[in-house]
Amino acid sequence: MEETDREAVATAVQRVAGMLQRPDQLDKVEQYRRREARKKASVEARLKAAIQSQLDGVRTGLSQLHNALNDVKDIQQSLIDVNKDWRQSINTIENLKDVKDAVVQHSQLAAAVENLKNIFSVPEIVRETQDLIERGELLQAHRKLMDLECSRDNLMYEQYRMDSKNTHDMNLIHTYFGDMQKLSEELAKQLWMVVQRSLVTVRRDPTLLVSVVRIIEREEKIDRRMLDRKKQTGFIPPGRPKKWKEKMFNILERTVSTRIEGTQADTRESDKMWLVRHLEIIRKYVLDDLLVAKTLLDQCFPTHYDIFNKLLNMYHQALSTRMQELAAEDLEANEIVSLLTWVLNTYKSTEMMGNSELSPEVDVNSLNPLISQNVVDQLLSKYMSTLTSNIIGWLRKALETDKKDWIKETEPEADQDGYYQTTLPAIVFQMFEQNLQVAAQINEDLKTKVLLLCLQQMNSFLTRYKDEAQLYKEEHLKNRQYPQCYVQYMIAVINNCQTFKESIISLKRKYLKIEMEDTLSSSHTSMDATLDIIAKEGCSSLLDEVFMDLEPHLNELMTKKWLMGSNAVGTICVTVEDYFNDFAKIKKPYKKTMTIEAHRRVVVEYIRAIMLKRISFKNAEERKEGAERMIKEAEQFRFLFKKLAAGSGEDTEGLCDIIEAIAEVIKLTDPSLLYLEVSTLVSKYPDIRDDHIAALLTVRGDASRDMKQTIIETLDQGSSQPNPNYVPIFKEITVPTLTVPKLLK
C-alpha cells in the first residue's frame, strides 16, 4: 500500500507540474481543482457500482447452490423408493416368462400362416418361373424368383430367431427350396448372355438390355438389405450377397478382352502383313464399340454406373495387355514399326481415341501409355539392331547387283541430261528414304537415329565401293578387251559419286534438324572425301586407259621419225578427242577435273619425251625445224584442250607454254645466249632440276660438256623467285640416269 501511495503521489505531482508550467495558469487553479474533484467523484461512483454488482452475483450464486442441494436430496430419496419397488417386482417378472414364450410362438405361427400359401405353391411357381426364363420374359421370371426367395428367407429368419443352432430345420427349408437356386443360376446365365452381347443387343433390342440392368439393380438392393439385417441380427440367407453388378462388370471385362484377342485372323506364316491387319481390325472394332457405348449403351444404364468410362477403361486395359503380349513376341523390324506407330500415334489420333465423336468424354491426354517407356525403348533398340543388319545386307546386295552390271556388254543408262549412271544411288537412297519415312511415323528421335545409322553405314559402304572400283580396274588391266564397256561403266561410277553427294545433302536437308547438323559434319566430310577419292581414282583409271592407247605414239615423239614428219601428235589429239567424246558423259565437276588432268598428263608426257634424249639435233637447221615442230604441236594441244574445256572457264594455255619455252631454248641460234635463255626458263619453272637442263642441252646437240657444267653451276648459284601460282610439273619427270656418265665425259 505504501508503494502504491508513493506512486499515486508521484503521478499527482507530475500532473500538477504539467498543469502549472506558466504563471498565467495560476489563475485557473480553482478550475483545475473542481475538474479533478469531479473526476474523483466519478471514479468513486463506478467503483461502488462494480463492488455492488459483485456482491449481488455472489448472493445469487449462494442461493442457487442451496436450491441444488435440496434437489439432490430429493433425487436421492426417489432412487431409494425406485430400488424398493424394483426388488418387490422381480418375482412378478419371472411369473410372465410363459407369456413371453407364447408371444414368440404366436409370432412364428403368424409368419407360417402368412407364408403357408407360398410354401404350398413353391413347385408351381418354380415351373412358371422356368417357363418365363425359357421364353425370355426375364423381368416376370425374376419377380417370381424374388417371391420364392422372400418366402424362403422369412422362414429361415424365423427359424433362426427361434433356434439359431437348429441346423436340421434350416437344412430342411433349404432343401425344400433347392430348385429355386437352380432357377437363379439359369436366370443368371441368361443375363450374362445378354451382357456379353450388350453392344449388339443395344442396337437390336435395347429394352432387353434395360430389363437385365433392372434385374441387376433389384438384386443389388436386396443384397444391401440382407447385409444390413446381418449387421443387426447376424442372419443372412444362403447365396447372399449375389453381387450380380460386380459379376456383370467382370463379364464385360472378359468380353472386351476376348474381343480384342479374337481380332487376330492371320499369322506371320500365312500373311506377312498379319500384324497390320490385326491392329487395323482392333482400331475399327474399338472405335465402333466405343461410339455405340456412348450413343446407345450409356442410355440403358443408370447414371451412377458410369458405363461408358468403365468400358473405356476396360478397352484401354485390354489393349494394353494385348500390346504387351505382342511386344513380347519375336517381332521383325517392320512389325516393330507397325506396333510402335499404332501404340504411340494411331491410338490417340483422330482415327481412334481422338475421334471427334468421342469428345469430350474421351480425353486422349489423360490416357495412360499402352506400353511402358521401358518396353518402347527395348523395341526401339531391337529395331535399330535389326535395321542395322538389314541395311548392311541391303547395301551389300545392292553393290553386288551393281557389280554385275559393270560386266554387261551394253552401255549403262543415261539420265535426262545424258550422263551415264547406274541404279545404285537410286536403290540405296530409296531404301534410306523408305526407312526414314517409316521412322518418322513413330517419332522425331527415332527418325534422327535412323538417319545417323543410314549415314554411318553409307560411310562404310563407300569404302567398299571404292575397293570394288579399284578391283574392277585391276581386272580390266589383265585383259583390256574385257569388260567391253569398261570406260562407260567407269564413267557411271564417277557420276554416281556426284549423285551420292547430292543425295546425301538432300537426305540431310529433308530429315535432319538444323541444330543437329554439327553432329554430322565430320561424317559428311568423310563421305565427301571418300567420294572424291573414288571419282579421282576413276578419272585416273580412264586417263590410264587413254595413255595406254597413246603409248606407241608418245614413243614416237622426239625421234628421227618424228623429226622427219611423223603424225604422232595428230594421232594423239584425235585419240584424246575420241575418248573425250565418251568423257562428255561425265558430270561437270569431274569432267572439268578430267580435262585439266588430261591436259597436264599430255604435256608431262611430251616433256618427258624430250628429257629421254631420244634425239640430238646435229645442226641449227634441225634445231630450228624441231623447235618449230614443237611450237606447232604445242598449239595443237592448246587448241585441243581449249576445245575440250569449252565453257569450263579454265586456263588451258599455261601448260603448253612450257613446251614453247623449251622449244625456244632449242631454237636459239647463238650459243653465247644459251645461258640467258636457260636462266629465263628456270626462272619461269623453278622446279627444273640440273638433270633436266643437262638433258635439254643434250637434245640441243651443240653444247659442250664444259658449257653444260658452266651453265648448270652458274644457275645453281643464282636464286629464283618462283611464281606463287605456278604448279610444279618437272618434279613428275624423271631423267634416265644412264645418260649422266655420258654427259660428264
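Reader: How many nonpolar, polar and charged residues does the lining of the largest cavity have?

Author: The lining of the largest cavity has 3 nonpolar, 3 polar and 3 charged residues. Here Ala, Val, Leu, Ile, Met, Phe, Trp, Tyr, Cys and Pro count as nonpolar, Asp, Glu, Lys and Arg as charged, and the others, Gly among them, as polar. This is a predicted model, where local features need pLDDT of at least 70, side-chain atom pairs count only at pLDDT 80 or more, and totals for chains, interfaces and linings use all residues. Residues are numbered from 1 along each chain as its sequence is written, and side-chain values use heavy atoms, with hydrogens and water left out.

Reader: Which helices each supply at least two residues of that lining?

Author: Helices are DSSP runs of H or I, at least four residues, numbered from the N terminus. In this case they are α16 (444-478) and α18 (517-554).

Reader: How are two packed helices described?

Author: The description uses the angle between their axes and the distance between the axes. Axes are lines fitted to C-alpha atoms, for helices over the stretch in contact, and angles run from 0 to 180 degrees between N-to-C directions. Helix α22 (residues 620-644) and helix α23 (residues 654-667) pack at about 170°, with axes 8 Å apart. α22 and α23 are therefore roughly antiparallel (angles over 145 degrees).

Reader: Which residues of α22 meet α23?

Author: Contact means heavy atoms within 4.5 Å. Among them are Ala-627, Met-630 and Phe-637 in α22, while α23 contributes residues including Ile-659 and Ile-662.

Note on methods: Angles under 35 degrees count as roughly parallel, over 145 as roughly antiparallel, 65 to 115 as roughly perpendicular and the rest as oblique.
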